[in-house]
Amino acid sequence: MKGNEFIQQFEKKFPLALAEKGDPVGLHIGTLHKPIQRVMITLDVRPEVVAEAIAKKVDLLVAKHPPIFRPIDRLVTDDPQIKMYADLLKHDIAVYAAHTNMDIVEDGLNDWFLEELGIKVTDYLHKTHELDQGLIQVTVPKSHSQVVRDALAEAGAGKIGNYEQCSYTSVGTGRFTPMSEANPTIGTVHQREEVAEEKIEMVFPIDTLAELIKALKESHPYEEPAYQVIPLMTGKKSYGIGRVGELATPMPLEEFVSHVKEVFDLQGLRLIANNTDRLVQRVGICGGSGQKFYPAALSKGCDVYITGDVYYHTGHDMLTADLPVIDPGHYIEQLCIPRIVSLCEQWKEKHHWNIEIIPSTVNTNPFSFR
Ligand SMILES: [Zn+2]
C-alpha cells in the first residue's frame, strides 16, 4: 500500500485541522507517495530512534513530537541531530507528526490518560477550536440506507455531544427517468421510475465535507446520488486541549499522587501543593507541557491538575493560586505508542492492509531519577 493511503485513514482519526495554530503537524520528511511495508510509532524522533528505524527497515515513522519543531538554519551533518535528518532521507524513511491534534481530538491522548487513571472524562480543559457544522441530506433506496448511514458516520458525521451515529430518516418516494447516456442501478433508460427511498439527515463538521462526499459516493448504490449540504447557523462543535474528569469518590491528594505514580510507572514525580491531606475529586490533565493551562484548570474547578514541564516560577504561581499540581514529566506521553499501534492494528484488519506496525522501543526520556 501507499503511504498516503495510510495517512488518509490516520487523519480521519487525527485531523490536521484540530492542531493548534502554527503547530507543524503532518509530513515532515520524505514522501508519502511511495509503497510502505513497515510503519514505526514513536514519541520522539531522536538519533537513537532513527538508528532503530533503519535497523528495522521502516518506511514510515509516525511521531507525536514534530522532528522539526523550530526551523533549522543549517544542514551540517557533523551535528548528530542534523545527521539524523540526512540518515532518514538516505534510507527513504518518511516522517509524519501528529502533535496537538492528538491532544485535542476526542478520544485522544488526554482521554487515554484519564482512562488509565480510572477517571471518567466530563469536559475538555481549554477550548481551542469551534468548527462550523453542516447538515447533509441524502436520499437512498431503503435497501441501502444502513450502508450509507454507516459510511457517513465512519467519515465523521452524526456526532452530537456525547452521542455518535446520530441520524434522522424520513420515508418517501424517489422518482427519476434515466436518459440515453445513463447507466442506472435501478430502472431502465427512458422509463419513468419510482423507488421507495429514505432521506437520511446527519450533522457533520464542515472541515470533513470532502471526506464525507467521498464516503457518500462510494457507499451509495446510485450512479448519481441526490444529496444536498446545508451550512448550519447553530450547533457549532467545540474542541479543546486537555481534559477534566471526576474520580468516582474523592481521595486524599497524597493517595492520588501515589496512584498517578503507579499508573504511569514513574520513579518519581514533582508535586506542587500547600498540603497533601486535602481531598481531590475533579482532575484536570494536559499531558506533555501544559503549564499555561493551569488557569483553565482553576476555572473549571479542578481539585488537582496534572501536567509536565512546569517552570519554577509557574510553580510559585500555582502554589499561590492554591491549585495542587502533579508534574509527572513529559515522558508519560509515551502512552501514545501502544495506543496508536492498537488503532493501526484495527485499521489494518478492517482494510486488509498488508503492512507491519511496530512500536519504537527506544526510551527517549532525557531524565532519570537517583
Ligand atoms: Zn509532548
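Predicted model: local features only at pLDDT ≥ 70, side-chain atom pairs only at ≥ 80, totals over all residues.
Mentor: Residues are numbered from 1 along each chain as its sequence is written, and side-chain values use heavy atoms, with hydrogens and water left out.

Trainee: Why are α2 and α3 called roughly parallel to each other?

Mentor: The axes of α2 (residues 47–55) and α3 (residues 80–90) cross at roughly 25° and come within 9 Å. Angles under 35 degrees count as roughly parallel, over 145 as roughly antiparallel, 65 to 115 as roughly perpendicular and the rest as oblique, and α2 and α3 are therefore roughly parallel.

Trainee: What makes the contact between α2 and α3?

Mentor: With contact meaning heavy atoms within 4.5 Å, Pro 47, Val 50 and Ile 54 of α2 meet Pro 80, Met 84, Asp 87 and Leu 88 of α3. These residues divide into six nonpolar, no polar and one charged, where Ala, Val, Leu, Ile, Met, Phe, Trp, Tyr, Cys and Pro count as nonpolar, Asp, Glu, Lys and Arg as charged, and the others, Gly among them, as polar.

Trainee: Why do β5 and β11 stand at the edges of the sheet?

Mentor: Six strands form an open sheet of mixed pairing in the order β5-β10-β12-β13-β14-β11, and two strands pair if DSSP finds at least two bridges between them. β5 (120–131) and β11 (270–272) each have a single partner strand, so one side of each is left without a neighbour in the sheet.

Trainee: How do you know that β11 and β14 pair?

Mentor: β11 and β14 (residues 325–327) are joined in the antiparallel sense over three bridges, which meets the requirement of at least two. Ile 272 has Val 325 in β14 as its bridge partner.

Trainee: Why is α5 described as largely enclosed by the rest of the structure?

Mentor: Buried means under 20% relative accessible area, exposed over 50%, and partly exposed in between, with a 1.4 Å probe and protein chains only. Six of the eight residues of α5 (residues 109–116) are buried, so α5 is largely enclosed; the buried residues are Leu 109, Asn 110, Asp 111, Trp 112, Phe 113 and Leu 114. They pack against α4 (100–104), β5, β10, β12 and α11 (336–351).

Trainee: How many of the residues in the protein are buried?

Mentor: Buried residues make up 47% of the 370 residues.

Definitions and conventions
Axes fitted to C-alpha atoms, helices over the stretch in contact; angles between N-to-C directions. Helix = DSSP H or I, 4+ residues; strand = E, 2+ residues; numbered from the N terminus.
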